[in-house]
Each structure stands twice: as structure tokens, then as C-alpha cells.
Amino acid sequence: MVNKCANPACSATFRSLRAGKLFVKAVEDHSYSNGSGRSRQLHYLWLCSSCCRTMTVVADKGKGITIAPLPASATSVQAAS
């Protein structure tokens, strides 16, 4: 369940899908065996309307799921709209 912004420095609480962006990331879980030796788990994360202007959610094999700055071109496109 999503209840707060995925940005650890932000204290915004989730109240509505209209405010911010919801992300769904599939992550392989090697600790569970379903015959193929791995399973995928879905992680739901939300960035508030303020944080999603400058950040996104990324899945990295080494770091897991983290937030990262948007590329400069995406930030300038959002600022223009």
C-alpha cells in the first residue's frame, strides 16, 4: 500500500491519484522459487506532485528501487507545460 511520497525527504501523504504520479516497478525476487528459480514482485511507489516535477522512480539491479533526478530534457519539458 502506498501511503507517503517515495522521496524520503518529503513528508507528503498519499490522498488521491490526481496529485502526483504512481509508479509500478517489477523486481525479480531470487529468494522465492516457482520452478524457474525466480519470481517477479510488483512494487508500487508514489511521488507527490511537487517531487514528480524533478524526480522519477528507477529500478536498478545493484541498488533496488530508488528515486533519481529526471534527465535535464524531461525537466525542461515539464517546466514549459
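User: In which element of the protein chain is confidence lowest, and in which is it highest?

Analyst: Confidence is lowest in helix 1 (residues 72–80), with a mean of 59. It is highest in strand 4 (residues 64–69), at 90. The score is pLDDT, the predictor's confidence in each residue, from 0 to 100. Where pLDDT is low, the predicted coordinates should not be read in detail. Over the protein chain the average is 82, and 77% of the residues score at least 70.

User: What ground rules apply here?

Analyst: This is a predicted model, in which local features need pLDDT of at least 70 and side-chain atom pairs count only at pLDDT 80 or more, while totals for chains, interfaces and linings use all residues. Residues are numbered from 1 along each chain as its sequence is written, and side-chain values use heavy atoms, with hydrogens and water left out.

User: What makes a stretch a helix or a strand?

Analyst: Both are DSSP runs, numbered from the N terminus: helices are H or I with at least four residues, strands are E with at least two. By that rule the protein chain has 1 helix and 4 strands. From the N terminus on, the order is β-β-β-β-α.

User: Why is V57 called buried?

Analyst: Buried means under 20% relative accessible area, exposed means over 50%, and partly exposed lies in between (1.4 Å probe, protein chains only). V57 has 2%, so it is buried. Its place is in strand 3 (residues 55–60). Of the 81 residues of the protein chain, 22% count as buried.

User: Which residues does V57 contact, beyond its neighbours within four places in sequence?

Analyst: A contact means heavy atoms within 4.5 Å. Leaving those neighbours aside, V57 is in contact with F23, K25, L45, L47, I65, T66 and I67. Take K25: it is 32 residues from V57 along the chain, yet the two C-alpha atoms are separated by 8.4 Å.

User: What makes up the largest nonpolar core?

Analyst: A nonpolar core is a set of buried Ala, Val, Leu, Ile, Met, Phe, Trp, Tyr and Cys residues joined through side-chain atoms within 4.5 Å. The largest one here has 11 residues: V2, C5, C10, F23, L45, W46, L47, C48, C51, C52 and V57. Strand 2 (residues 39–47) supplies the largest share of this core, 3 residues. In soluble globular proteins, nonpolar side chains tend to be buried together.

User: Why do C5 and C10 count as buried?

Analyst: C5 has 3% relative accessibility, so it counts as buried. C10 has a relative accessible area of 15%, so it is buried too. Leaving aside neighbours within four places in sequence, the contacts of C5 include C10, W46 and C51.

User: Why is the pair of F14 and W46 called edge-to-face?

Analyst: Rings of Phe, Tyr and Trp (its six-membered ring) pair if their centres lie within 6.5 Å; planes under 30 degrees apart count as stacked, over 60 as edge-to-face and the rest as tilted. The centres of F14 and W46 are 5.3 Å apart and the planes are at 75 degrees, so the pair is edge-to-face. It links distant parts of the chain: F14 is in the segment before strand 1 and W46 in strand 2, 32 residues apart. The structure holds 1 aromatic pair.
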